[in-house]
Amino acid sequence: MNLTEAFRDADLARRMATTIATEVSPHRRYSLMEFCGGHTHTLARYGLEQLLPGNVEMIHGPGCPVCVLPGGRIAAGIALAQRPGVILCSYGDLLRVPARHGATLMRTRAAGADVRMIYSTRDALAIAQRHPDREVVFFAIGFETTTPATAVAVTEARRLGLQNFSVFCNHVLTPPAMSGILAAPGGVAVQGFIGPGHVASVIGSRPFERFAEQDGYPIVITGFEALDLLQAIRQLIRQINVGRAVLENEYRRVVSREGNEKALALIDEVFTLREDFEWRGLGRVAHSALRLRDDFACFDAEARFALTVEDVPDHKACECAAVLRGAIRPEQCKVFGTACTPDNPLGSCMVSSEGACAARYRYATRGVPRAGTEAV
Amino acid sequence: MKGRRDFFPPLDIGAGRIELGHGSGGRATAQLIEELFSAAFDNDWLRGMNDQASFEAPPGRLVLTTDSFVVSPLFFPGGDIGCLAVNGTVNDIAMAGAKPLYLSASFILEEGFPLADLHRVVQSMAVAARAAGVAIITGDTKVVERGKADGVFITTTGVGNVPDATRIDASRARPNDRIILSGTLGDHGVAVLSRRENLHFETELRSDSAPLHELVAAMLAVAPDLHCLRDPTRGGLAAVLNEWARQSDVGMIIHERAIPIRPEVAAACEFLGLDPLYLANEGKLVAVCPPQSAEDVVRAMRRHPLGRDATIIGEVRADAHRAVEMETAFGGRRLVDWLSSDPLPRIC
């Protein structure tokens, strides 16, 4: 058995599910939010929610970078791609996110723009080196997990003296988004959080302590294997049962309290906080995103191309905003699975497989009752 | 009077390239056909240099299929566009339970395409056709300007014959039928991806490209009443099962633990964020058969080299929603939907 298989031991998973079922109080409802889209995907991919008792509900948070990116920034990326001479590079999922009137980077490419899907920022640098006569822009998205890779690309571009490379920076920060959720009007009916393991591997577990200490929510940082998630759910239920609210780190094989110092230093060298940033679903959240430092302004596509980011309202019928806040479940949205499907997404949550709606649509069984106790 | 015979140098297969003239219909075209295509596929029909091939119609029903191949890259571990173009069409015929007989091959070549690469592709087609026992008996060549194609696109059309009694059809899946898979999923998809320009990664994995008609014949010998048969190419196993569910108006349930997947395919899927159920295969088949013959079919398949890992992976059931579901290794269930969009363009 290799290392990953050990975390997918099905017998152990079933035993753990049984333990969870014996530990939940039948008279109470447990609403737990997994912040991170990677966790949403694991839950759906393995059908884990059906192993949980009926009164344990997982609420899918906004931790999917393409889902929270507002239409205005996609529209700005599309406008960039349409400029003559520009090669726009981006991670795959972003290509299908709709901006306005169904415009996407994919359709922009079909109409003749040079939009390229890359797997690594190094690919974008290589393209810039191969095409010195073209402007190569990397459409950077992601939480703290993908930010170090962008920082590496920028410092590399400076070292190589690349004149034709820039970054359209849309990197966002997790802790301010979690604060944003808690501060949303009406709040959220969540009793505990599953903390994002990969984000924490970069920034450490310490930035999440305040959600337990100040806001009073139990939080368990965990990994992305099925057993990681079940274990985190059990730990949260135990805390809720006894009225505790502390941060627990279930992902110690990867996450330390202080995080990855090298990555953090690199992020700090290249990026600085924005005053605020527009999130789909959360609105403007203060100090929740990064931009390039003035030192690196020549690599900042927003400055280089004098980009303006307009407000692009979400589709009228789309309730991604409420879904991202955990206010409604995906299937409670009127257009879920009808006008809005993964093939033709109206809202961003339906685009990425980590998006709450796409994960629910793609994997949730229809009409199959959940195992365990009756719903309360 | 003796005809004038100009000196015409032979094709420079080592260093030459496709030129627009090779598609003009003139002497360059004739030379390309003669020295490259006919030389490799060599048979009486091609030697006749007609614009068509005629043959006796065999008994039973005729089966006709056509498929275009635009794979990128052209050469990948375990195969190339050439063997794919032969095996792909042979398999489409075989999935009717038919014996493949003849192929046509049509080439769209890009100006500047190295003759050495074309030669390699054509040789690969010849080897695959011989191995499958089919003859490539007619064809066509067009050349487009540089930039208007991607090296070479190939379309093959195939003819086969099937006994009147064999009725394999996408609409014949019935509740309680068993779903059988001939081997590991995703080998071809990952092998091709591993050689993508922007994604190069090291793997021992090879494409599974292979002709499946003999395996099908072995299955039909023990279970003449096979209900459905398909090679899960583009869209993978998920697409095949969803198509059958729709055509047969049934649901399907498959069991994750039963589905054979190589560790290297599983690993590649994890780091690329892909699902092996959606990956293309070029030498695997999935079948639906009545429950009473399922074990016999699996045993017969395992005796054939291309069916060594054959196994029952699930069942057909009555379901008004026509849902395809998978019981996960953890005992949970999830929907196996159609592939939406295309995570891996041009894999076959």
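Trp244(B) sits in helix α7 (residues 236-248) of chain B, where helices (H or I, at least four residues) and strands (E, at least two) are DSSP runs numbered from the N terminus. The model is a predicted one, in which local features need pLDDT of at least 70 and side-chain atom pairs count only at pLDDT 80 or more, while totals for chains, interfaces and linings use all residues. Residues are numbered from 1 along each chain as its sequence is written, with chains lettered from A and ligands numbered from 1 in the order in which they are written.

Trp244(B) counts as buried because it has 27 C-beta neighbours inside 10 Å; the cut-off is 20 or more other C-beta atoms within 10 Å for buried, 12 or fewer for exposed, and partly exposed in between, with C-beta atoms placed from the backbone. Leaving out residues up to four places away in sequence, Trp244(B) touches Ala170(B), Ala173(B), Cys228(B) and Val288(B), a contact being two C-beta atoms, placed from the backbone, within 7 Å. Asp275(B) is 31 residues from Trp244(B) in sequence, and their C-alpha atoms are 20 Å apart in space.

Helix α6 (residues 213-222) of chain B has its own buried set, namely His213(B), Leu215(B), Val216(B), Met219(B) and Leu220(B). These residues lie on the same side of α6(B), because they cover an arc of only 155° around the axis, the arc being that of the directions from the helix axis to the C-beta atoms. An α-helix has 3.6 residues a turn, so residues three or four places apart point the same way. The cover over the buried residues of α6(B) includes α3 (81-94), β4 (99-110), α4 (115-132), β8 (228-230), β10 (286-289) and α9 (291-302) of chain B.

On the domain level, chain B is assigned domain 1 (20-162) and domain 2 (178-335), with bounds from an automatic or database domain assignment. The C-alpha centres of domain 1 and domain 2 of chain B are separated by 27 Å, and 19 residues of domain 1 are in contact with 22 residues of domain 2. On the domain 1 side, α3, β4 and α4 of chain B each give two or more residues, and α3(B) has the largest share with seven residues. That side has 12 nonpolar, six polar and one charged residues; here Ala, Val, Leu, Ile, Met, Phe, Trp, Tyr, Cys and Pro count as nonpolar, Asp, Glu, Lys and Arg as charged, and the others, Gly among them, as polar.

Between the chains, the contact takes 16 residues from chain B and 25 residues from chain A. Strand β13 (residues 333-335) gives the most to the chain B side, with three residues. The residues of that side split into five nonpolar, seven polar and four charged.

Turning to chain A, the secondary structure comes to 16 helices and 13 strands. Its radius of gyration is 21 Å, close to the 21 Å that the globule rule gives for 376 residues, so chain A is as compact as a globular protein of that length; the radius is taken over C-alpha atoms, and the rule is 2.2 Å times the number of residues to the power 0.38. Of the 376 residues of chain A, 53% count as buried.
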